[in-house]
Amino acid sequence: MKIALITMHAARNYGAVLQTYALQHILQLLGDEIVIINYKRDNQQLWSYMFHVNKKFRKNPFLRFAFVIKTIIPKIRTSVLFSKFISRYISLSPIVRSGSEIAQKVKSDLYLVGSDQVWNPQANDGFDGMYFFEGCKGVKVSYASSIGIYELNDEEQEYIKNKLQNFRRVSVRENSSIFILKRLGIEAECMLDPTLLMDQDDWKQLAAPINIGNNYLLIYYFGNASNIMHIANKIAKERNLQVCRISVGFEKYKEDDIVVRFVSPEQFISLFLYASFVITNSFHGTAFSINFNKEFLCYPTTEHNARFDSILQMFNLEKRNLRELDENTLGDLKPIDFILLQEKLQEQRKKSIDYIESILHT
């Protein structure tokens with residue numbers, strides 16, 4: 001079977017490219033011919049990405065210029081990193097810009113959308129019709145597509161209801177999304193993020209070594225990490241670990257022992273595989289911590305975050321939410337029961353792969 005997958009493969013972050021790789025890998029293992037639809041949103045286009053300016057700096061031309069200068073080198077380096085990974089591992093279609101172009105350039109037996117935040121209107125400045133195959137005729141299904149928020153407004157509800165009525169099967173990444181869609185008359189199931197479909201041994205085949213030793217607490221944190229560095233330092237001292245932080249910029253904190261900058265996706269995997277403890281505000285950082293049996297704490301990017309809530313609830317790890325803890329309660333944290341965790345993960349992995357096989361062969 002020929003499958004055309006649309007996802008956020010061109011977003012310049014580790015989670016985006018690795019979840020793309022993982023779903024492609026699983027589909028290939030199941031014996032299918034898979035191509036990733038080469039669609040890039042405007043904010044994923046190189047020049048748009050390079051010169052994007054944070055809203056708070058846009059009104060002042062001097063601040064705007066300073067922001068661009070400060071971020072342009074990191075953006076160039078990260079673009080190169082992810083572009084190289086995609087060229088090595090991801091099977092891309094010709095460039096497409098509309099649903100009608102998908103039908104013309106990417107003829108397939110099945111059109112698949114997912115995972116990542118493809119259906120999150122807050123992440124995409126509203127819904128993007130390309131992630132519903134708007135204008136493309138054919139059999140449409142989804143795998144673990146993320147809505148990522150707890151509520152849609154009336155206009156958003158009407159839009160997604162109309163678009164998904166044309167889908168043969170629908171699965172989402174958050175339990176909360178099932179209830180959103182059920183109210184609209186759309187039946188959906190909750191499936192694992194693709195990175196969790198591959199086990200540790202699978203990921204080790206892709207990992208590239210990075211020589212920093214094994215006794216480290218790993219920090220992978222978007223934005224300003226100053227609010228968690230003192231907690232990281234406290235945990236590291238208690239466990240006799242060094243603080244190692246992944247960075248895609250040039251910032252430095254006094255608590256840093258090791259900063260690894262501009263690592264490849266393959267090295268990123270290795271850093272998680274051999275960490276002794278992880279602190280992250282990344283959904284995929286949380287997913288890799290769970291997959292690799294790591295003691296971890298996550299700091300969801302917002303309170304009442306559907307993405308984080310769902311994955312923590314799925315594995316009974318709600319107490320690993322750093323927003324719910326402070327320095328006094330950290331000492332009461334019990335170690336993760338990795339035997340129970342892996343049993344639950346195996347159960348969910350089987351359910352998710354069974355779902356994929358069912359959408360491929362019905």
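Ala, Val, Leu, Ile, Met, Phe, Trp, Tyr, Cys and Pro count here as nonpolar, Asp, Glu, Lys and Arg as charged, and the others, Gly among them, as polar. The model is predicted, so that local features need pLDDT of at least 70 and side-chain atom pairs count only at pLDDT 80 or more, while totals for chains, interfaces and linings use all residues. Residues are numbered from 1 along each chain as its sequence is written, and side-chain values use heavy atoms, with hydrogens and water left out.

The structure holds one cavity of 30 Å³ or more, a cavity being a set of points, on a 1 Å grid over the protein atoms alone, where a 1.4 Å probe fits but cannot get out. The largest cavity has a volume of about 70 Å³, a volume being the space filled by probe spheres set on the points, which are joined across faces, edges and corners. Its lining, meaning residues with an atom within 4 Å of a point, consists of R173, M191, L192, D193, L196, F283, R307, S310, I311 and M314, which divide into six nonpolar, one polar and three charged. Helix α11 (residues 306-314) gives the largest share of this lining, four residues; helices (H or I, at least four residues) and strands (E, at least two) are DSSP runs, numbered from the N terminus.

Helix α11 is also one of the elements against which the buried residues of α6 pack, together with α5 (154-164), β6 (171-172) and β7 (189-190), where contact means heavy atoms within 4.5 Å. Those buried residues (under 20% relative accessible area, 1.4 Å probe, protein chains only) of helix α6 (residues 175-183) are S176, S177, I178, I180 and L181. Just after α6, G185 takes a positive phi of about 85 degrees.

Definitions and conventions: On a 1 Å grid over the protein atoms alone, a cavity is a set of points where a 1.4 Å probe fits but cannot get out, and a pocket is an open set with protein on both sides within 12 Å along at least five of seven lines; lining residues have an atom within 4 Å of a point. Buried means under 20% relative accessible area, exposed over 50%, partly exposed in between (1.4 Å probe, protein chains only).
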